[in-house]
Amino acid sequence: MPQADSIHTPHTADSLVTDSLAMDSLARDSVQRAMAAPVQRVRKYVVKEWTKGLEPMPLPGRADNNSAIISSLVVLLLLLLVCLQRGRRLLPALFRDMWRVRSRKKIFEERTSNENRIITIFGLQLTVFMALLVNAGADLMAGRPPLSDSAALLLPIVALCGAFYLLQIITYWCVGYAFTTSSGRKMWLRGFYAVQTFLGFGLAIPALVTVFYPDAAGLAVTIGAILYIFSRIVFISKGFRIFYQNYWSLLYFILYLCTLEITPLVIIYRTAASFSL
């Protein structure tokens with residue numbers, strides 16, 4: 001038995017040496033793997049459609065952000081406040097001029113220079129507010145935001161409405177001179193100034209709505225059109241009472257309606273639409 005143990009002892013020692021070498025190699029490998037740089041795993045992300053968003057687009061221009069338009073409106077409103085303070089007696093007289101057709105000497109007294117200046121500013125008010133509504137209406141018909149253009153593009157429409165106002169005065173004077181008496185012409189022109197003055201006050205709120213609340217511009221333009229039609233009905237009714245004499249005068253009155261009341265509106269709208277393109 002002692003001999004057998006002595007015989008197997010070398011083999012046991014060799015196996016121990018082998019196991020120790022294997023353990024050392026495993027330790028070195030584990031240390032090398034720990035010291036090696038970590039492997040970065042690349043993850044593939046799938047970009048979803050809802051995370052892409054929309055392409056950035058510039059916001060459309062707004063009239064309430066345009067300093068030129070706002071400054072012009074402020075100056076105009078200040079002028080109107082001064083005129084209302086100085087022309088308190090003029091407004092009741094203008095209101096009577098819208099309806100009255102009787103010939104009285106007091107009616108045809110010449111107005112003072114101050115009153116004429118006030119009426120001129122009232123005409124400027126109508127011109128500016130009508131231009132804003134016409135431009136907004138043309139923009140809406142073209143599918144654009146209302147009053148999205150610059151103030152420079154609004155100036156031609158203001159000039160167009162101003163020219164239309166002056167052309168009406170000239171043509172009404174000529175028609176009154178040709179088809180009625182001097183007193184009838186004066187009554188007719190005074191009725192025109194009165195109707196246009198109160199129409200300018202009526203268009204103030206719809207025009208300001210188109211500037212400061214573009215989302216309600218469609219309703220504002222519609223209200224402005226209704227007010228304009230009502231004012232023309234008042235003016236035409238006064239003209240009918242002045243010019244009507246017999247059945248033949250109806251023919252001339254119809255020609256007047258087509259020539260001076262309907263055709264100019266169509267021309268103004270198409271011209272304004274061409275400016276807005």
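A bit of housekeeping. This is a predicted model, so local features need pLDDT of at least 70 and side-chain atom pairs count only at pLDDT 80 or more, while totals for chains, interfaces and linings use all residues. Numbering runs from 1 along each chain as its sequence is written, and side-chain values use heavy atoms, with hydrogens and water left out.

Let's start with H4, residues 113–141. When I say helix, I mean a DSSP run of H or I with at least four residues, and helices are numbered from the N terminus. Just after H4, Gly-143 takes a positive phi of about 80 degrees.

So what does H4 pack on? Two packed helices are described by the angle between their axes and the distance between the axes. The axes of H2, residues 67–86, and H4 come within 10 Å and cross at roughly 145 degrees. Those axes are lines fitted to C-alpha atoms over the stretch in contact, with angles from 0 to 180 degrees between N-to-C directions. On the H2 side the contact (heavy atoms within 4.5 Å) includes Leu-76, Leu-80 and Arg-86, and on the H4 side Ile-121, Phe-122 and Gln-125 are among the residues involved. By class, that's 14 nonpolar, one polar and one charged. Here Ala, Val, Leu, Ile, Met, Phe, Trp, Tyr, Cys and Pro count as nonpolar, Asp, Glu, Lys and Arg as charged, and the others, Gly among them, as polar.

Now the other pair: the axes of H3 (90–97) and H6 (182–202) come within 8 Å and cross at roughly 115 degrees. Leu-94 and Phe-95 of H3 and Ala-194 and Phe-198 of H6 are among the contact residues. This contact has six nonpolar, two polar and two charged residues.

On a 1 Å grid over the protein atoms alone, a cavity is a set of points where a 1.4 Å probe fits but cannot get out; a pocket is an open set with protein on both sides within 12 Å along at least five of seven lines; lining residues have an atom within 4 Å of a point. Points are joined across faces, edges and corners, and volume is the space filled by probe spheres set on them.

The largest pocket is about 550 Å³. Val-134, Gly-224, Ala-225, Tyr-228 and Leu-265 are the closest to its centre, out of 20 lining residues. H8 supplies the largest share, eight. The lining is 16 nonpolar, two polar and two charged.

What about cavities? There are two of 30 Å³ or more. H5 gives the most, with four residues.

Notes:
Helices (H or I, at least four residues) and strands (E, at least two) are DSSP runs, numbered from the N terminus.
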